[in-house]
Each structure stands twice: as C-alpha cells, then as structure tokens.
Number of protein chains: 4
Amino acid sequence: MDKVKVGILGATGMVGQQLVRLLERHPWFEIAALAASDRSVGQVYGEVCSWRVSADMPAAAREMRVRPCEPQALSDCELIFSALPGDVAGSIEEAFAAADYVVSSNASSHRMSPDVPLLVPEVNPDHLALIDVQRRRRGWRGFIVTNPNCTVNALGLVLKPLHDRFGLRTVMVTTMQALSGAGYPGVPSLDSLDNVIPYIAGEEPKVEREPLKLLGRLEGDEVREATFAISAQCHRVATRDGHLESVAMAFEQPATVEEVKDALREFRGLPQELGLPSAPQPPLVVREEPERPQPRLDREAGGGMAVVVGRVRPCPVLHVKLTLLGHNTVRGAAGAAILNAELQAAQGYLRGRTL
Amino acid sequence: MDKVKVGILGATGMVGQQLVRLLERHPWFEIAALAASDRSVGQVYGEVCSWRVSADMPAAAREMRVRPCEPQALSDCELIFSALPGDVAGSIEEAFAAADYVVSSNASSHRMSPDVPLLVPEVNPDHLALIDVQRRRRGWRGFIVTNPNCTVNALGLVLKPLHDRFGLRTVMVTTMQALSGAGYPGVPSLDSLDNVIPYIAGEEPKVEREPLKLLGRLEGDEVREATFAISAQCHRVATRDGHLESVAMAFEQPATVEEVKDALREFRGLPQELGLPSAPQPPLVVREEPERPQPRLDREAGGGMAVVVGRVRPCPVLHVKLTLLGHNTVRGAAGAAILNAELQAAQGYLRGRTL
Amino acid sequence: MDKVKVGILGATGMVGQQLVRLLERHPWFEIAALAASDRSVGQVYGEVCSWRVSADMPAAAREMRVRPCEPQALSDCELIFSALPGDVAGSIEEAFAAADYVVSSNASSHRMSPDVPLLVPEVNPDHLALIDVQRRRRGWRGFIVTNPNCTVNALGLVLKPLHDRFGLRTVMVTTMQALSGAGYPGVPSLDSLDNVIPYIAGEEPKVEREPLKLLGRLEGDEVREATFAISAQCHRVATRDGHLESVAMAFEQPATVEEVKDALREFRGLPQELGLPSAPQPPLVVREEPERPQPRLDREAGGGMAVVVGRVRPCPVLHVKLTLLGHNTVRGAAGAAILNAELQAAQGYLRGRTL
Amino acid sequence: MDKVKVGILGATGMVGQQLVRLLERHPWFEIAALAASDRSVGQVYGEVCSWRVSADMPAAAREMRVRPCEPQALSDCELIFSALPGDVAGSIEEAFAAADYVVSSNASSHRMSPDVPLLVPEVNPDHLALIDVQRRRRGWRGFIVTNPNCTVNALGLVLKPLHDRFGLRTVMVTTMQALSGAGYPGVPSLDSLDNVIPYIAGEEPKVEREPLKLLGRLEGDEVREATFAISAQCHRVATRDGHLESVAMAFEQPATVEEVKDALREFRGLPQELGLPSAPQPPLVVREEPERPQPRLDREAGGGMAVVVGRVRPCPVLHVKLTLLGHNTVRGAAGAAILNAELQAAQGYLRGRTL
C-alpha cells in the first residue's frame, strides 16, 4: 500500500521537529512537505531548523526545501499536521480544510470550536462524528481535528476510566511542566536554573476547560460538555521533557484506592483494539513504588505515548490523589496528532483529496 | 548586656550550618559550643564539617572542637539549638531539658507532644504557656520548644491571618521543595538533574498534621487542634533553597481575592511588634506579578525570614488559590528556631540555667 | 563631599543591572540617569527592566524614566558607565567622550584601540596615562577607559604577579563560563540543562589577545604588548555566575608550585594600597583544598571582586597549572568598570565636566 | 549458535546496570549470572538494584537472584564482565582468571599491569597477545583484559590516528565529565546544581598515564609505552552522561587542521573491519558546526560507542586543538568491556572454560 503523503505546518518548531522525528519510519505516513513561516520559506530544512529533539535530523528531511503554509504549496499532500502557534493557526488551518485537506492540528485555535473534534483516540473516538457536522456547516470537503493541550492529553487519559466508573465531581491538578513545552528558545536558562516559575501564560484556563469537552458526551450534532469542576495550578520546572501532574479528585460514586488502580490498569481504548501504529500497550502504566513516576525515568514509557501513574492514595480533602506523567511533546503534542490521524485513517476518513 | 551562650546540637548538618551562619553576628546570642555525633566528636569543626551554606565558615566556629551531644559537655551554655535528625533528637533533647537547659528544637520528635509548644512566633506565641505545663508534668526546670517542619513554617504563616479572618475549611497544598531540605549529601545529583521526585519520605503526614496544632487554640493546659482538613502532595525539585507551595483553600466565611490579599498584607505578629532581631518586616510579602514568587528571586526576602505570596486568584473548586515561597533552611528551620528563642528571651523564659 | 553623578548606558541588560545594584550605596558615586535603547526610552525603569540580579530592584532606580543613549540627554551626569553591546557601543561612547564625559566602558569596541586604556587597576594603573594621548589625538576633553572581557579580568589578575616574577612564555586556558555572561534571555534552557556548549561566539580571540595589551608595557604614547602566547578554549556550562578557568603556564624563569602560590598570595595592587571602595582585600585568594574553587561557593569572595585560585600544581607539559574563578558580572564586568572609575576618581581624572 | 553465558560482577552499580542494559539483546552473549557485594547477595536483582539507566530493568534480570563475587558461584558462566570498584576488583578478578574464566574488566586494578592488555579494539588489538604472556607468567588458563578509564577510552580513540600519522609530542586535555561517572549515589545534588567541581579524585593521573600504554608498541612480551607528555585537568559538570574533553596537541610532523580532520574521518579499526556487534560505523564522527559536540545532542552517536569530534582548529601554543565527546558509561565503560569481549570472541580467545 502506498503511504499517505503528509505535510507539516510549523515544521521548524519543537513540535514540528518531533513530528519529523516520529514520522521518519511511520508505516502509514510519509513526509512529503515541510512548511514554516516566511522567514524560512525557500531554504533547506537542514539549515534553517535548530534541531533539538535528538542527535541527528532524519536524512530525508534535511534536504527538503521549506514551503509556505499555503494550500497550493502542499498540493502533493493529503494529510496535514499543524504544529503552528495558536495565534496564526486558525485561519491557515481553515484554508487547508477548505482546500480539501485533512488537518490534524496540535494548535489551540479550534480546540473549543463546537464542530471540531477535540480528540484523544482512547477517550472519545466517537467525537469524530463531528467531522460530518463540520463539513456540512462549513461547506468543506476537508476537515480539522485537534488534540488537546499537552497537559490535558495526559490528564484526560487518566480521567477517562475514572469518570466512566465513578463519575468525577471535582479535580484539582498541580502541574510541573517541562521546558520543551515552551518551545525553542523558550525559557531562558537564567530563569530555569535553580528555579521554578509558578506561571505559564494561558495554560490554566486550557487545563480547566478542555477536559470537559474531551470527556463530554456527543448528542446529535454537538458535544455536551462534562460538568465536573477543575482547578489547575501550572508550574514550569527544570526538566527537558515530561509533564508531571499531581491530581486530587472527588467522585460521584465511592471509590477505593484499589478500585481506582484497577480502573486505570484495565483501561484500553479503541487504538489498542485496532492496533494503531502509535498506540501504546497499555495506555496507562500504574506503578507501586512510592517515588514514581519521575520525568527522567518514565517519560519514554510506551515510546512516549503511555501515561505513567503512581502514588495513588486517599486524599484527606477530596477522595483520591495520584501523580501522573506524560511526555509533553510526544503524547502531549506530536504523537497525539499522529495517533489522531491514524484513527482517522483506520476509520476511512482519509479517502484522498480531490486533486 | 552579656550575650546568651548557646550550643548547637547537630552542628555539622545543613540546618546546623545555617544556625552557625545566622548566629555569627547575632545581637543577643553567642555560640559557645558545637556538638555533633560521635564520628565528629573531638575534631575541629573546620575540618569535619562539609561547609555548604556560604563561601566561608565563620572564623570563630572554624577552630571550635566538636563536643558530644550530652548535657555535661555543654555546661557553659544556657540555650541549646537542636538540629538533630528526628530519629535521635527525642531522648537527647529530653536529657538537656532535664538538665535545666532551654532547648529550641528543629527536630520532629516532640512537635506533636501535647506539652511541647509547636511555635511560630507570629502565629501562636501564647502556646509558650505550655512550657509551664511541660515543666510541671516532667519535673524539669529546662524545657523544649519546637518549630514546625520546613514546609509548615511558611504555610502556617500564610494560613494564620486567613484562618483568623475567614475560617479555614479545607486546604490543598502541593509543594515543590528544595534540595537543601534533604540535607547533605541528600539527593543524588543523578536523581535531581532533569527530574522531579514526587515523594519525600514522611513529609506529607507532617504537612497534613502540624498546621492543626500550630493554629490550634490553647485551652487550659492543652492545645485544641484546629479542625480543617489538609491534603498535601510533596515533590522534590532541582532548586537549592526555597520551598514553593501552591495552595487552594475553602473558607467558612466568604472571602474575595482582594480580602485575602489584604489579610496577608496587613498581617503582623508579636515578633514584629517586639522588634525581635530576626523578625522580618513585614512577615508576608504579597506580589502582583503573575510569575512570582520564584525560589531564586524571592527566597532571600526579609533575610530569608519573610514568606512571599503571589498568584492570589479564585479557585474553581475551592475558594481561593495562591502560591507561596519560604526559605526552607532559614524561615523553615534555623531561622525559625532562632526566632523562637528570641521570643522566649524577650518574654523572660531565659532566666539562666541553674549551674 | 557631593557624590559624583553617574549615568548608565545599557542599564536594562545584565551588566547594567549589576551596575545599578552595585552603585546603590556607593560612597562616591550616585546614579542620576539610566539610559537604554529606543525600545525602552521614556518608560519607567521598574517596568521595562527584567530584573534578574537579586530579589528587588533598588527603590531609587525603579522610578527613573529611561533616557536615550545620547550626550545631551545625560547632561546632569559627569561619569558614564557603558554596559552597551559591542556592536553599538563604539560610536555612542565616542559621542559621550567628545561631549566631555568620562566613560568607563565594559564594551569590547575600544578595548584594543591604541589610545584607550584597557584597565584592571591592580594590573596596569599606569596605562591611565593613555588618557592624555587619547585626548590629544581625538581632541576630546572627555575620555574612554575600558575594562577587559569578563574572562580576561580574572585571568589577567592571576597572570600579573606571575608574569612579573617569572615571565610568562605560554598560557593555555580552558574556561567553563556562567550563563549570565550571555545576557538575558541569553542561553535557552533547552541548550543549558544537562549540557555543555563548547563554543562562545567571539570569546576565544578576545581571551587570546586582550591579556597581551593588559600586561603590556607603556612606552611613551603607546602600550607595547606582552609577547607570550595564549590559547583559549571556551565553554558555556550550567552555572548562574562565576567563570571557572583552568590554566596551564610555562615561564621564562623556573618557578616551583610554592613560589607560584607565594606570588599569588602576596600580590597587592594600587587599589588595595589606595583603599578604593570596591577593592577586595586581598585581590587573590589561594585555597589549598583539592576541590576548590567552585562557582557556587567562591564567586562571592571579596564581594565578587576577588579571584579565587586553587589546585596549583605541576604541569607535565608546561610548568604549572591551576584553576581560578572570577565573578563574571562583578569582577568581570560591572565591578570592573566601577573599580576603574574609582581609580580615576582617586587620581584626579574626574574633575567635573564642562557643563 | 549457542550464546556465550556471561556473568556480571558489580551488577548493581551504574556500569553494571549499563552492562545489563546493553547485553539484553546481544547477539553473542547472554546474561546467566549477576553478582554483587555481600549486602545484595541472595536477594532479587529487581529489588536491590536502584535502576537508573533507563525506564525499565530488562525483565530477565529483574528476577535473577544476586550471587556472590566468587568463581564457584558463577560456574555456569564462561565470560565475566567486571564492573567492580577499583579497591576490590584486583584480587577478585585474579581469582576468576585463575579459575579459568575470561574476565573483561572495567576496573582500574590491572590496567597498568605489564601482562594485562589495556585494550581499545580500534586502537591496539595486537596487545591481546599479552594474554599468552599473562597465562604463562601466572599459570592461568583464564585471563584478564581491561579497558581504560572512561575519559581515556574516548581520548585514546581520537589520539590513535593522529599519533599514527603525525606523531604526538604533547597533549593537554581539559575534561568536563558527567555525573554518571561518579556512580550512584555519587555526586550530591547540592554540589552539582549551579556548580562545577574542578577535581575528580584519582582521575588526572589515570588520564596522564593510561594513553601511553594504550598507544604503546608491543615488543616481544611487553608493551613499550608511548613517550609523549600528557597534562590533564578534570572537572565534574552537571551533565548526566557524556564526557566532554577539550584537547590541544603538538605533533612531531607538521599537520594542518584539514589533515587532522581527514585522519579522524578516515580512521577505521579492526572492530569495524570484523563487523563486531558493538562496533560503531564510523568510530569517529567529525562535525563542522562551531558549537558541537554537545553532551546532550551527541552522546548517543553510534549507540553511545562513537566519539564525536568538533572545533578542530589551530592552537596558538601547540599545533591543533579540538573538542571531543564520548559516552562515559557506554564507550567509556560498559560498551568498552563488551567490545573487548567481542574482539576476543572473534579472535578465538573464548574457547570455553574447562568446567
């Protein structure tokens, strides 16, 4: 089978680089085009990109000439991954969808749009039904699917089986987020060394809102958001990759610590069932050692696509607390967008652009 | 006036070193003796101590010969600071109190003993009345006063004015604690670099319990503990000094963000009123910048004795959330023990040991 | 005596901030003006400056309105400290000197100009005689005096007594330089964490050249450069402040390790003799412990103005090797410029600008 | 072909863990036994080992019961990897060799013994002829082969082609060594954060001596050491893995920068020729970017077995300088011992122990 030709928007940034790395040997997808801002257009990717995600840039990408982020410039592609910054992603992604492309986006612009799926394939694969709503309303043959914020990708995976079994009432989450989440150059080293920054611009509102859509119920043409309350406190710490999140939860139904662990351990989603190439087996890893998960030791679990949970224990204020870790640029961004596209491919949404 | 002669138990550890540093030019106290474990006894302090708290060890301390942690060995001292590890502090401190010494302890052993004050001078100076109870019950002329755990020292200072004005119902606290809190050698660098450890042995139970005694009410011969619920999640991060704590609270009385800030800003305690040498003016610093407090920038506020608060904002689950920072080995340990002793001195509890 | 009114060019950068901090309570100088690039002009310093050098900006500076870097805008000042970047400093400093100001510059632009003193007051105070040459040649009543590159300030201090006693033939220096040397935002944290960067743009040529002028001999109207060979290898490491330099040297005269240590220990310069306010006593600290100097422990020696030397030992290839540490933004930049100005003041070069 | 059964001495330490990791799927060798100090003997490896080298311990190792470091306890093994500390390795390794085992050692004890090969397979494979000398002199059927110190493994690889072509006269090397080189717990985080330690106990003498044997010439029954002079200055920096070494060299024959690069680029050794499983292709990677090699980006080159060289440029004092990087626990320790054993296997030295 011929691989699906894909283009990457925002290919020179940290998430763009992870997309290039993760797609290097992908069994279904093949990079045909790298696109970025005007500053880089026309230049060779190997020269304009400050490659930071591994030792060496994949050889194929190195020689590619960077294209503009315009539909006509990527006409040899069918599937578009968008790693654009939130402030420019909106209209560009719409232009691509209008021009028949399938857009798998990591940007925040359309996450909360009512007719755009905010998708984590293990959590709400049925929300893909919004694609038809989106096409109908917007008159597009292409479409946009988004993944949540890096913090919410991991959090949502953990909340899903607990919400299903016990019903979430309230969620308190305190994050210790990695430097790569701020992009490159991102956080100055003088602010990071021997320090914690107790603020990430725009982050807390996303963490308090996106899980409600993600765990919402599809009713007819729309998603009815979940109604539990979330409070987020977000911090930047001196780790390279891996967002650590300490979470306390109250449930509608009583749940013991063991029942919570069982729910997490037993959780499987559609990607695991379908055996999607990027699906981790299992999606959630529950550890019993008191000092795990740790970013350095656990972020590569399941190739960066599994979420590691530890310290599940009773909470004196709410019901249960735990700590979770997800790789922010893999499960939280590039890998999320890829898994989303894999699900769409498996379910027949990638039927080829009308060229 | 002659300075009070003091001895330091556990003088070679991190807290012991901070005591040596902070007492170098103290207006009321003068170091007469340094004591430590058998391994160091008889050796010169400058040689056995891995000095880590500043560039150079104070010259006076450098030449002192380390003594054993026994009452008869420190007979030229009146006031004893204990920076002993929790597992040995209990009986040693009792031996000193029984031998007429005043013991200002940073160890955990007696913190929850009903007849031992767990003191933060700005918070519960009236608990010093327990000294008489302690003497009566134990038949001592000396006595023991303790300060709380490093995390609780800072947290208690912030909770105090809020509990007084609005009544605390629940407190959720997530900490990002500095490496110096684990002592020396403490955390291996391979566990600290590019990492967060979501566990500190024995810490969470202390954080969930000690504030209740600290904010409790003295009734007759005992402290009736406060009754609000606390849940703690403690993490070790790669900072040298300064524990960062993100806190969410629910109150009995409604409180706006502005009212909370006002309560914190207006807070003064007895040490400020008495002008104790180590009392910061003010004890709480409230900052408005969204990205403060930060350990590197704020830990030295008030000479390490002030607690810096920021990000006061509404909490979608409880009522108000905020982030606070306290210097863990100054306000959280050595400085706390010194301020406690200053209050005792100011209130006439240091009347001279019966030699 | 009225304090000399000073202005700071480039006041918002890292070196500018150190100047503001160090001049806050200076006995001779008083900040009258803060100047910076067009982007900041007209705004309040407290708002445009990302203050990073200590907890709180000095209150006086906070309210000052930033002025343009033009002579007429700083007419209430007599002495100008230039912390401008090298690419713009040249012409601006010349304009100030032409307008009768005394300019003490940390910028690289004029360091190697034949009629501009490249000054470390302990090393070559006689080079101030170039001021007259400079005025004569350029027709200025003001003048420019520079300090060396951050690495060379510390290195030059150590080389001086050794060159005087033993004659340097060759010097090999490998540096491990702190993040603050790259300014703010400077080095991205993703490049600094768990990493060393073996390159600092433009640094090695400066380190290989400036010491030759610094240790040169004034002959008539010019400095005859020293003739020993220097080889530099410069690295950026994850320290906040303090450049560590490991040095190996061959001498013209035989020198034992003890003789080298003696030469370093006995070294005093004119600033120590004159008791200049910023002069460290002594300028060089020689330590015997095998694992010193260390940036974290030793950078504040002498208020950041002393250089700490350790590990003096024989070199199997050259003659002697050692490791030295200097605070890069104090002795290496802001403090250097201030000490230079103090020497000029003490020697009568600050006679008041013709207003 | 049946795999060779191997035992690991010192299996719980950092190098022992790397051996376990690297041998997990080795095509020729299979772990049959894990041995460690008395403290661990009899316990399950998964429980006594503080696993730090990757996310998860290999499943096979996890269940193994730790054995004592005695020949009779490892009788099912033929090949022994020794990751023992230098102070105990000597006699234990001799006992194994005397009991017919082949010992591939990373310990320092026998490195400089005249009848023990100090081997880097690309550098001096002919030194394996010392095995016969060793057996003859000691009356063993087994034997010991060692690899150099972590710093020397990488340095020796780079020096080899240059010594062959141009003849080394003098070598100055300044190292910035990773934390993992100090083992676990190793360097306290309080000494590592925001710091450099300019001293590593016992390291410099090894770096100044071992390359001379490594690059020595086998003459009859002995190695005639090379005669160039080496001077080493060793530092511990805050990187996890990867020793960075900045080197300056003088040659007997004139050599341009381009000739040096060519010699490095063209270098191949016997392991590359034989296609040994752990042999990197090529062994030396020469990069042209001014800011490479960097520990974080380059330590995994060639699976951690290649050495990356950059910044090759003229030296104003000696002839040429450059910076190199080698993975200290792979090419510098565990991988070195494995490659040594592979060469012995390929050359018929592993003929089976007389059981």
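**View 1. The loop around B:D100 in the predicted model.** B:D100 is found in the loop that lies between α4 (86-98) and β4 (102-105) of chain B. As in every view below, what is shown belongs to a predicted model. Although B:D100 is not a glycine, its phi is positive, at about 80°. With 17 other C-beta atoms within 10 Å, B:D100 is partly exposed, since a residue counts as buried only from 20 or more such atoms and as exposed at 12 or fewer.

View 2. B:R311 is not a glycine, yet its phi is positive, at about 55°. This residue belongs to strand β12 of chain B, which spans residues 307-314. B:R311 has 21 C-beta neighbours inside 10 Å and therefore counts as buried, whereas B:D100 is partly exposed.

View 3. Five strands of chain B form an open sheet with parallel pairing, and their order is β2-β1-β3-β4-β5. The edges are taken by β2 (29-35) and β5 (143-146) of chain B, each of which has a single partner strand, so that one side of each is left without a neighbour in the sheet. On average, and with direction ignored, neighbouring strands of this sheet are turned by 25° against each other. Within the sheet, strand β1 (residues 4-9) of chain B runs parallel to strand β3 (residues 79-82) of chain B, and 4 bridges join the two. The bridge partner of B:G7 in β3(B) is B:I80. Helix α12 (residues 330-346) of chain B lies across β1, β2, β3, β4 and β5 of chain B, and its direction makes an angle of about 145° with β4(B).

View 4. In chain B, the peptide bond that joins B:R292 and B:P293 is cis, with an omega of about 5°. B:P293 is found in the loop between β11 (284-286) and α11 (295-298) of chain B. In chain D, a cis peptide bond joins D:R292 and D:P293, and omega is again about 5°. The place of D:P293 is in the loop between β12 (284-286) and α11 (295-298) of chain D.

**View 5. Strand pairing around β13 of chain D.** Strand β13 (residues 307-314) of chain D pairs with β12(D) in the parallel sense, over 3 bridges. In this pairing D:V286 stands opposite D:V309 of β13(D). The pairing of β13(D) with strand β14 (residues 320-326) of chain D is antiparallel and extends over 5 bridges. Here D:G310 stands opposite D:T323 of β14(D), and the two strands β13(D) and β14(D) form a hairpin with 5 residues between them.

**View 6. The buried side of helix α5 in chain D.** Helix α5 of chain D comprises residues 130-138, and its buried residues are D:L130, D:I131 and D:Q134. These residues cover an arc of only 105° around the axis, which puts them on the same side of α5(D). An α-helix has 3.6 residues a turn, so residues three or four places apart point the same way. The buried residues of α5(D) pack against β6 (143-146) of chain D. After the helix comes D:G139, whose phi is positive, near 70°.

**View 7. Strand β7 of chain A with two partner strands.** Strand β7 of chain A, residues 168-177, is mostly covered, as 8 of its 10 residues are buried. β7(A) pairs in the antiparallel sense with strand β11 (residues 243-251) of chain A, over 8 bridges, and A:T174 stands opposite A:S246 of β11(A). Strand β10 (residues 229-236) of chain A runs parallel to β7(A) and is joined to it by 8 bridges, with A:M176 opposite A:H235 of β10(A).

**View 8. The contact between chains C and B.** Chain C and chain B each give 7 residues to the contact. On the side of chain C that touches chain B, these residues divide into 4 nonpolar, no polar and 3 charged. The same surface serves both copies, since 100% of the contact residues of chain C recur in chain B.

Methods
Residues numbered from 1 in each chain as written. Chains lettered and ligands numbered in written order. Predicted model: local features only at pLDDT ≥ 70, side-chain atom pairs only at ≥ 80, totals over all residues. Arc of directions from axis to C-beta. Contact = placed C-beta atoms within 7 Å. Nonpolar A, V, L, I, M, F, W, Y, C, P; charged D, E, K, R; others polar. Pairing = 2+ DSSP bridges. Axes fitted to C-alpha atoms, helices over the stretch in contact; angles between N-to-C directions.
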